[in-house]
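I opened this entry to keep track of what I looked up.

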Amino acid sequence: MSAPRPLRVSWERLEGRLEALGEIGSTGDGGCARLALTDADKEGRDLVVSWMEDLGLRVDIDGIGNVVGTWPPDATEQPVMTGSHIDTVRTGGRYDGNLGVLAGLEAIETIVTSGARPEHPLAVGFFTNEEGSRFAPDMFGSLVFVGGLPLEEALDVVAVDGAVAGDELERIGYIGPMPCPARPPRAFVELHIEQGPVLEAGGETIGVVTGVQGISWQEITITGQSNHAGTTPMDHRHDPSFAAASITTFVRALATELGPPQVATVGRVELHPNLVNVVPARATLTVDLRNTDEHVLQGAEARLAAHCEDLAEAEGVIIERKTLARFEPVAFDPEMVDRVERVAVAHGHRVRRMPSGAGHDAQMLARVCPTSMIFTPSIGGISHNPAERTHPADLEAGANVLLDVLCELAGVVAP
Ligand code: HGY
Ligand code: MN
Ligand code: MN
């Protein structure tokens, strides 16, 4: 008797769902904007939940709006879980997060419709506010899910636009009864686009992700003296805009000096009153520092703090720093990493072991269960940009590797 044909995803169904979800919050240039807990996020949530319900999954929602679809619906044992996020940055693409959620749903749908009965239940979820660009810290939904942040604290987080997380969750109707933290899954695997240039440059199809680098987000508020742009002599100025520029150039020089994988980004700068003929009263900026080495990352943070002290003294301004997010580097479970590599090689793909430069929900799930990630290449290494693209063949390849990893973990035997 011939061996059963291996299960494979339906690319047409997955592609159709990626396009349909990408249309929600579409920015008209191929990208989409679904900032966490906005109306567009709600619309995206409702669509994915409807697909989960159509498939017959049991849909559970927890107190921070994390959504988990489980099969079989009457399962009581902890599931083998996959998933990611469907919130985006304001200038987001169609694959960051969305791929992991929809490929996970597609993998489970492939298993369900094949008639196979898994030994262990399966689940696919999307976590609230992975991006963190509206509400900091990032990944706060999965952080609450694993017990790393008290629910009440997350509900009280105030967004950059002044909204309160709990109020927004209430408004969009996604405060659910599932307890936080959740019972840990049996295992967790996340498929995600790489969002960087490494796989494309190396000609590999699958990234076998070994872990996630450390992340340090700070918000720096600089208070100076608002004054007339024309009458104030340069040596009388206490200029927050100048100080902000000094910090921006300092972190660039610091990252250059430390070398890869150190990265540094000033992504948000706001001046008040932000007028052409007024020396600003105040500047608020964010600094994002990352490194795979916790010791080097701490050193970079210390160097930035020292620079701010010297700058405050020299420019006669007040500089206050607030931590928005701080996560140490995470190493994924070696056996889970080996499993992803073995499956990807068995599929005939060229693979590369690599750390993740971006943060992911998987780095939180790794605190409570065996976890790993699968990467697919990003064209031009572009992400957090409407031009974010991945070749369809690579998206399909990643989804099929995810499917087989889930089948192994859940003891699915093709009928
Ligand atoms: O910032 C990150 O790495 C992720 O996109 N939240
Ligand atoms: Mn992401
Ligand atoms: Mn992202």
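How many residue pairs are in polar contact across the interface of domain 1 and domain 2? I found one such pair, with both residues at pLDDT 80 or more. I note here that the model is predicted.

**Entry 1: domain bounds**

I looked up the domain assignment next. Domain 1 comes in two segments, 11–212 and 330–410, and domain 2 runs over 214–327. I then took the distance between the C-alpha centres of domain 1 and domain 2, which is 33 Å. For the contact between them, I listed 16 residues from domain 1 and nine residues from domain 2.

**Entry 2: the interface**

I looked up the area that domain 1 and domain 2 bury between them and got about 770 Å². Carbon and sulfur atoms hold 67% of that area. I sorted the domain 1 side by class: nine residues are nonpolar, four are polar and three are charged. I also searched the interface of domain 1 and domain 2 for salt bridges, and the rule returned zero.

**Entry 3: around ligand 1**

Which residues are around ligand 1? I wrote down Glu130, Glu131, Asp138, Trp217, Arg290, Ala358, Gly359 and His384. By class, this shell has four charged, two polar and two nonpolar residues.

**Entry 4: polar atoms at ligand 1**

I went through the side chains with polar atoms at ligand 1. For Arg290, a polar side-chain atom is 2.7 Å from an oxygen atom of ligand 1. For His384, an N or O atom of the side chain is 3.3 Å from an oxygen atom of ligand 1. Last, I looked up how much of ligand 1 is covered: taken alone, ligand 1 exposes 210 Å², and the protein buries 95% of that.

Terms used. Residues numbered from 1 in each chain as written. Chains lettered and ligands numbered in written order. Predicted model: local features only at pLDDT ≥ 70, side-chain atom pairs only at ≥ 80, totals over all residues. Heavy atoms only, no water. Domains from an automatic or database assignment. Contact = heavy atoms within 4.5 Å. Buried area = accessible area lost by both parts, 1.4 Å probe. Salt bridge = Lys/Arg side-chain N within 4 Å of Asp/Glu carboxyl O. Polar contact = N/O pair within 3.5 Å; in protein donor to acceptor, adjacent residues only side chain to side chain. Nonpolar A, V, L, I, M, F, W, Y, C, P; charged D, E, K, R; others polar. Near = heavy atom within 4 Å. Areas by Shrake-Rupley, 256 points an atom, 1.4 Å probe, with all protein chains shown as cover.
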